[in-house]
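Hi there,

Here is the structure I promised to pass on.

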Amino acid sequence: MPAKKRCQRPGEPRCNSAALRIVGDCSHCGMSFCGTHRLPEHHACLKMAECRQEAFERNKERLESERTVAAKIVG
Ligand SMILES: [Zn+2]
Ligand SMILES: [Zn+2]
């Protein structure tokens, strides 16, 4: 029998809860977490900063393209 996976939340104190199968896997950092820590916000996800940055860049691009369109209409 394989050992049960533990929540991989980094930092102290270590979380001793068993990681949830499938839904406990973070799609951003790929680690496994318990029900309490499975959300990126709750395990200080290493990839969350990257995700935020990506969303920010996407949003910026969108705003800039909208502005360009608006400028074309006005000008
Ligand atoms: Zn946990
Ligand atoms: Zn994560």
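Let me start with the metal sites. The zinc ion (ligand 1) has Cys 7 (SG), Cys 15 (SG), Cys 34 (SG) and His 37 (ND1) as its protein donors, at 2.0 to 2.4 Å. Donors here are N, O and S atoms within 2.8 Å of the metal (3.2 Å for Na, K and Ca), and water is not among the atoms, so sites may look incomplete. The angles among the 4 donor atoms run from 102 to 114°, and the site is tetrahedral; for four donors that label requires all angles to lie between 85 and 135 degrees. The sequence spacing of these donor residues is C-x7-C-x18-C-x2-H.

Before going further, the ground rules. This is a predicted model, in which local features need pLDDT of at least 70 and side-chain atom pairs count only at pLDDT 80 or more, while totals for chains, interfaces and linings use all residues. Residues are numbered from 1 along each chain as its sequence is written, chains are lettered from A and ligands numbered from 1 in the order in which they are written, and side-chain values use heavy atoms, with hydrogens and water left out.

Back to that site: Cys 7 counts as buried at 3% relative accessibility, as does Cys 15 at 11% (buried is under 20% relative accessible area, exposed over 50%, partly exposed in between, with a 1.4 Å probe and protein chains only). His 37 is buried too, at 14%, and is found in the segment before helix 1. Not counting residues up to four places away in sequence, His 37 touches Cys 7, Arg 9, Cys 15, His 42 and His 43 (contact means heavy atoms within 4.5 Å).

The zinc ion (ligand 2) is held by Cys 26 (SG), Cys 29 (SG), His 43 (NE2) and Cys 45 (SG), at 2.1 to 2.4 Å. Its 4 donor atoms subtend angles of 105 to 112°, so this arrangement is tetrahedral. Here the spacing reads C-x2-C-x13-H-x1-C. Cys 26 is buried, with 5% relative accessibility.

Several of these cysteines turn up again in the largest nonpolar core, whose 7 residues are Cys 7, Cys 15, Cys 26, Phe 33, Cys 34, Cys 45 and Met 48. Such a core is a set of buried Ala, Val, Leu, Ile, Met, Phe, Trp, Tyr and Cys residues joined through side-chain atoms within 4.5 Å. Beyond its neighbours within four places in sequence, Met 48 contacts Pro 40 and Glu 41.

Now the helix. The protein chain has 1 helix and 0 strands (DSSP runs numbered from the N terminus: H or I of at least four residues for helices, E of at least two for strands). The whole structure contains 2 salt bridges, each a side-chain nitrogen of Lys or Arg within 4 Å of a carboxyl oxygen of Asp or Glu. Arg 58 pairs with Glu 54, with 4.0 Å between the closest N and O atoms; both lie in helix 1 (residues 48-74), 4 residues apart. Arg 62 pairs with Glu 66 at 3.0 Å, and these two are also 4 residues apart in helix 1, about one helical turn. Arg 58 is exposed at 53% relative accessibility, whereas Arg 62 is partly exposed at 45%.

As for overall shape, the C-alpha trace spans about 70 × 25 × 15 Å along its principal axes. Buried residues make up 19% of the 75 residues in the protein chain.

Best wishes

Technical notes: Tetrahedral: all angles 85-135°; square planar, octahedral: opposite > 155°, others 65-115°.
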